Amino acid sequence: MKSLAAFVVAAALLPIPAVAEQIRFDIQFSGIKSGELEIAAKVTATRYTLFGRLESTGLVRALRKVRYDAKSRGTIRARKLVPDVAWE
């Protein structure tokens, strides 16, 4: 999540009308895929929206179903993210 925060801060500093990014990672244990992490961000000059999802897959999911969703939305003031709303 540190890389997402760095992306959002960097995007907030750029004079770009809007930036949208989405990335997905496979999570592996001993070379076996056991989950996915998806991160999405949309940033404008004054607003941001962040979304993240962690979910088990494959054999791990058969043993234990895990899913975690998080979202934050807010404004950018003085180069800082100020959430209007955040939920898990």
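The questions below go from the overall fold to single residues.

User: What kind of model is this, and how are residues numbered?

Analyst: This is a predicted model, in which local features need pLDDT of at least 70 and side-chain atom pairs count only at pLDDT 80 or more, while totals for chains, interfaces and linings use all residues. Side-chain values use heavy atoms, with hydrogens and water left out, and residues are numbered along each chain as its sequence is written, starting from 1.

User: In what order do the elements of the protein run from the N terminus on?

Analyst: Helices (H or I, at least four residues) and strands (E, at least two) are DSSP runs, numbered from the N terminus. The protein has two helices and five strands. From the N terminus on, their order is α-β-β-β-α-β-β.

User: What percentage of the 88 residues in the protein is buried?

Analyst: A residue is buried under 20% relative accessible area, exposed over 50%, and partly exposed in between (1.4 Å probe, protein chains only). Of the 88 residues in the protein, the buried share is 25%.

User: What share of the accessible surface belongs to carbon and sulfur atoms?

Analyst: Accessible areas come from the Shrake-Rupley method with a 1.4 Å probe; for residues, only the protein chains shown count as cover. The accessible surface of the protein is about 6200 Å². The part belonging to carbon and sulfur atoms is 60%.

User: How many salt bridges does a search of the whole structure find?

Analyst: Side chains of opposite charge can pair when their charged atoms come close. A salt bridge here is a side-chain nitrogen of Lys or Arg within 4 Å of a carboxyl oxygen of Asp or Glu. By that rule, the number found in the whole structure is seven.

User: Which residue forms a salt bridge with arginine 24?

Analyst: In this pair the closest N and O atoms are 3.2 Å apart. The pair links distant parts of the chain, 14 residues apart, with arginine 24 in strand 1 and its partner in strand 2 (residues 32-44).

User: Which strands hold aspartate 69 and arginine 53?

Analyst: Aspartate 69 and arginine 53 form a salt bridge, with the closest N and O atoms 2.8 Å apart. The pair ties together parts that are 16 residues apart in sequence, because aspartate 69 lies in strand 4 (residues 67-77) and arginine 53 in strand 3 (residues 47-56). Aspartate 69 is partly exposed at 25% relative accessibility, and arginine 53 is partly exposed at 22%. The strands are therefore strand 4 and strand 3.

User: Is serine 30 buried or exposed?

Analyst: Serine 30 is placed in the loop between strand 1 and strand 2. Although serine 30 is not a glycine, its phi is positive, about 55 degrees. Its relative accessibility is 79%, so serine 30 counts as exposed.

User: Where does alanine 78 lie?

Analyst: Alanine 78 has a positive phi near 50 degrees and is a residue other than glycine. With a relative accessible area of 74%, alanine 78 is exposed. Its place is the loop between strand 4 and strand 5 (80-87).
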